Amino acid sequence: MSNYFDELETRSPQERERDLMARLPRLIAHAQTAPGWAGILHGVAAGDISSRTALAQLPVTRKSDLKALQQADAPFGGLTTTAPRRLARIAMSPGPIFDPEGRGADWWRYARPFHAAGIRGGDLIQNCFSYHFTPAAFMVEGGAFRLGCTVVPAGSGQTEMQVQAIAALRPDAYAGTPSFLKIIIEKAEEMGADIGSLQCAVVGAEALPPSLRSWLQQHGVARVLQTYGSADIGNIAYETMSRGEVNPGMVLDEELLLEIVRPGTGDPVAPGEVGEVVITSFNPDYPLVRFATGDLSAVLEGIAPCGRTNTRIRGWMGRADQTTKVRAMFVHPSQVAEITRRHPEIRRARLVVSGEMANDVMTLQCEVEEPDNGMLQEAIVASIRDITKLRGDVSLVAVGRLPNDGRVIEDARRYE
């Protein structure tokens with residue numbers, strides 16, 4: 001059985017680049033049939049966009065722009081080339097931002113990272129990504145079904161039931177956030193349940209610190225590999241293994257064109273320099289042209305030890321903008337602004353995300369005239385949960401105490 005999903009993974013970098021550049025003009029022309037892209041790419045001659053240099057002259061569309069674009073032209077900002085009611089699903093991410101899913105097999109392209117993790121047809125996967133509004137669980141299902149796997153639609157939460165299902169059904173692999181897998185293992189130990197069938201975990205949606213990967217391996221999950229993806233793009237890059245060890249970096253998906261640009265611009269950085277991840281996606285239903293994810297990363301030199309020849313990136317290295325991810329959910333500066341608007345007593349606010357090893361703590365620091373106002377504190381806590389769908393603490397401080405640096409969200413987490 002091949003170690004590779006298909007022959008695309010091992011073609012020469014030169015062949016891959018020629019193929020991408022040959023497809024690029026057709027992608028631009030196809031995207032321009034959607035009204036949103038027609039406006040963004042107004043005046044662009046698709047046939048002229050056949051090189052990275054030409055591509056770099058096109059405007060960047062940022063993930064942070066999607067909310068405004070979608071409000072102006074619901075539900076997708078005019079960026080889809082398939083009518084909304086001809087899609088398979090419409091998901092909703094916090095913001096809200098609406099995410100389309102077409103009807104093609106493995107639409108999100110997750111079979112490739114699962115295959116790289118050693119998952120094969122006939123395997124049973126416990127899918128612990130959420131099925132509620134967000135598309136993550138369906139990304140897993142698409143890849144699993146493409147490989148011929150069976151899925152336990154476990155979703156998130158209900159830890160005791162998760163343990164009972166694993167003990168009874170004996171799944172081969174787990175898919176979900178790494179922090180939730182840790183919780184499941186701890187609950188299984190508390191219950192005295194045998195969940196040793198889980199030998200593989202494909203994790204994502206939050207950071208995987210080395211300490212947490214080691215902890216999971218020490219508790220029986222031999223292969224722990226992470227994917228990097230988004231609700232707009234699907235699979236972006238994935239980890240691979242050689243001789244039982246996780247290889248450095250993450251291998252780019254075959255259906256994407258990657259640029260690393262200086263944050264806040266569309267200018268490509270020098271090879272190896274950290275910058276913002278910008279993706280051009282050849283998705284027929286939802287083409288994306290120079291789509292800036294808001295994530296920071298950098299390209300690694302050379303070919304992965306596993307033999308896959310596509311570009312490698314260093315993985316997720318933080319956010320280029322102030323939008324951040326807390327317990328697998330994005331939190332936007334606009335949400336902090338909405339909390340502030342609900343409570344006129346707040347002069348300024350700063351959301352600080354702290355913690356370590358996937359234990360996120362979210363605290364909204366608020367400048368107010370009366371820092372000992374307990375009723376106000378409770379009201380703000382309720383607003384945080386209502387607007388972000390996450391639990392958060394509130395710290396009331398005197399006016400003038402917060403730094404005057406324009407930062408609305410501060411990520412103070414430690415990844416060790």
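**Note on the predicted model: V224 and the sheet around strand β8**

1. V224 is found in strand β8.

2. Is V224 buried or exposed? Its relative accessible area is 0%, and buried means under 20%, so V224 counts as buried. Leaving aside residues up to four places away in sequence, V224 touches A201, V203, L208, R213, L216, Q217, E239 and V246. As for E190, which is 34 residues from V224 along the chain, the C-alpha atoms of the two are separated by 22 Å.

3. Two of the residues that V224 touches, A201 and V203, belong to strand β7, residues 200-203.

4. Which strand runs parallel to β7 and is joined to it by four bridges? That is strand β6, residues 173-176. Within this pairing, A175 stands opposite V202 of β7.

5. Strand β8 covers residues 223-230 and pairs with strand β9, residues 234-238. The sense here is antiparallel, and four bridges are involved. Y228 has A237 in β9 as its bridge partner.

6. These strands belong to an open sheet of nine, with mixed pairing, in the order β5-β4-β6-β7-β8-β9-β12-β17-β16. At its edges are β5 (150-153) and β16 (299-300), each of which pairs on one side only. In that order β8 stands between β7 and β9.

7. The chain holds 11 helices and 23 strands. Among its contacts with a separation of 6 or more, 64% are between residues 24 or more positions apart.

8. On overall dimensions, the radius of gyration is 22 Å, which agrees with the value near 22 Å for a compact globule of 416 residues. Along the principal axes, the C-alpha atoms fill a box of roughly 65 × 60 × 40 Å.

9. Of the 416 residues, 52% count as buried. The accessible surface comes to about 18100 Å², and carbon and sulfur atoms account for 51% of that area.

10. On charge, the chain has 43 positive and 50 negative side chains. How far apart do the centres of the two sets lie? The separation is 2 Å.

Methods. Residues are numbered from 1 along each chain as its sequence is written. This is a predicted model: local features need pLDDT of at least 70, side-chain atom pairs count only at pLDDT 80 or more; totals for chains, interfaces and linings use all residues. Side-chain values use heavy atoms; hydrogens and water are left out. Helices (H or I, at least four residues) and strands (E, at least two) are DSSP runs, numbered from the N terminus. The radius of gyration is taken over C-alpha atoms; the globule rule is 2.2 Å times the number of residues to the power 0.38. Buried means under 20% relative accessible area, exposed over 50%, partly exposed in between (1.4 Å probe, protein chains only). Contact means heavy atoms within 4.5 Å. Accessible areas come from the Shrake-Rupley method with a 1.4 Å probe; for residues, only the protein chains shown count as cover. Lys and Arg count as positive and Asp and Glu as negative; His and the chain ends are not counted. The place of a charge is taken as NZ of Lys, CZ of Arg, CG of Asp or CD of Glu. Two strands pair if DSSP finds at least two bridges between them.
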